[in-house]
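Subject: A structure for you to look through

Hi,

Here is the structure I promised to hand over. Please open it beside this email and follow along as you read.

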Amino acid sequence: PPLYKQRYQFVKDLVGKYKPKKVADLGCADCTLLWMLKFYNCIEVLAGLDICASVMKEKMHRLYPLPADYLQPSERSLTVTLHHGSVAHEDPCMLGFDLVTCIELIEHLEESELEKFPEVVFGFMAPTMVVISTPNSEFNPLLPGVTVFRHQDHKFEWDRAQFQSWALDAAKRYGYSVEFTGVGNPPTGMEDVGFCTQIAVFVKKYPQTSEPAQSKKPTEAAYKTVTVYPS
Ligand code: SAM
């Protein structure tokens, strides 16, 4: 299967395994991953965030209930919310999540945004689990036609050592453990380059130590809510 499907499958497998109730997808683009996650019965709250409102709205109708959902209302309640904003900003709507996914997001961040990202995601949002995927630059020589970056909007592409040292530093600073894996196997004989997409899975070390220091967390919204279901 194509690489993007393998990335979505990776997240779907994690959801199937850990059964999170509240999942947020940061840099959700056209909401494809959110749409796939909608079919997991463990999920009660789905939230998306993107800096580009138009791409987020393009296919967001897919998130709305199907006629069958009205005819045969199920036991579970599902709330879907889409927000227009940046991962460089803190908004209380992102508090209390079990899983936060950032699929092919960080390499699109400006230096100043990337600098704020760990504090926002791990320090402020502080979900139980975080998944971050990004290209592994060591794989690039195997990709036809890739000279500098895989996409012109990428601000950087890291090798495994760079990604792992960044992730380990964030994990240490904010009390997470982290494990590295990936999707997109290298061809036989080229195993040394690693996966095409590298993935870090972070798990909070001390979950639910009473109420987190919620008092110091801002209550003011920084994102613009684009859509909510049910309204
Ligand atoms: N996660 C999706 C996927 O895997 O198919 C889309 C990844 S797309 C390559 C990167 C997305 O990140 C774009 O939709 C872009 O608008 C969004 N993005 C870039 N900078 C952002 C920021 N500072 N805050 C939130 N989203 C951002």
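C42 is buried, because its relative accessible area is 19% and buried means under 20% (exposed is over 50%, partly exposed is in between; the probe is 1.4 Å and protein chains only are used). C42 is in no disulfide, and the nearest cysteine sulfur, that of C102, is 18 Å away. For comparison, a disulfide here is a pair of cysteine sulfur atoms within 2.5 Å. In general, a disulfide is a covalent bond between the sulfur atoms of two cysteines. A search of the whole structure finds zero disulfides. C28 is in none either, with the sulfur of C31, its nearest cysteine sulfur, 4.2 Å away. C28 counts as buried because its relative accessibility is 5%.

Before you go further, please keep in mind that this is a predicted model: local features need pLDDT of at least 70, side-chain atom pairs count only at pLDDT 80 or more, and totals for chains, interfaces and linings use all residues. Residues are numbered from 1 along each chain as its sequence is written, and side-chain values use heavy atoms, with hydrogens and water left out.

Now to the sheet. In what order do the eight strands of the open sheet come? The order is β6-β7-β5-β4-β1-β2-β3-β8, with mixed pairing. Strands (E, at least two residues) and helices (H or I, at least four) are DSSP runs, numbered from the N terminus, and two strands pair if DSSP finds at least two bridges between them. At the edges are β6 (176-183) and β8 (224-229), each of which pairs on one side only. From one strand to the next, the twist averages 15 degrees. β6 and β7 (residues 197-204) run antiparallel and are joined by eight bridges; S177 stands opposite V203 in β7. Helix α6 (residues 160-174) packs on the sheet, where it touches β5 (129-135), β6 and β7, and its direction makes about 155 degrees with that of β6. For such angles, axes are lines fitted to C-alpha atoms (for helices over the stretch in contact), and values run from 0 to 180 degrees between N-to-C directions.

Next, the inside. A nonpolar core is a set of buried Ala, Val, Leu, Ile, Met, Phe, Trp, Tyr and Cys residues joined through side-chain atoms within 4.5 Å. The largest one has 35 residues, and L26, M94, I106, F117, I132, W166 and F202 have the most contacts inside it. Helix α5 gives the largest share of this core, seven residues. If we leave aside neighbours within four places in sequence, L26 is in contact (heavy atoms within 4.5 Å) with residues including L49, M94 and V121. Apart from this core lies another of 28 residues, among them V80, L82, I103 and I199.

L109 sits in the loop between β4 and α5, and it counts as buried because its relative accessibility is 6%. Neighbours within four places aside, L109 is in contact with V87, L114, F117, K155 and F156. T32 lies in helix α2 (residues 32-37). Is T32 buried or exposed? T32 counts as buried because its relative accessibility is 13%. Its side chain and that of R62 are joined by a polar contact of 3.2 Å. Such a contact is a pair of N or O atoms within 3.5 Å; within protein, one must be able to donate a hydrogen and the other to accept it, and residues adjacent in sequence count only if both atoms are side-chain atoms.

Happy exploring!
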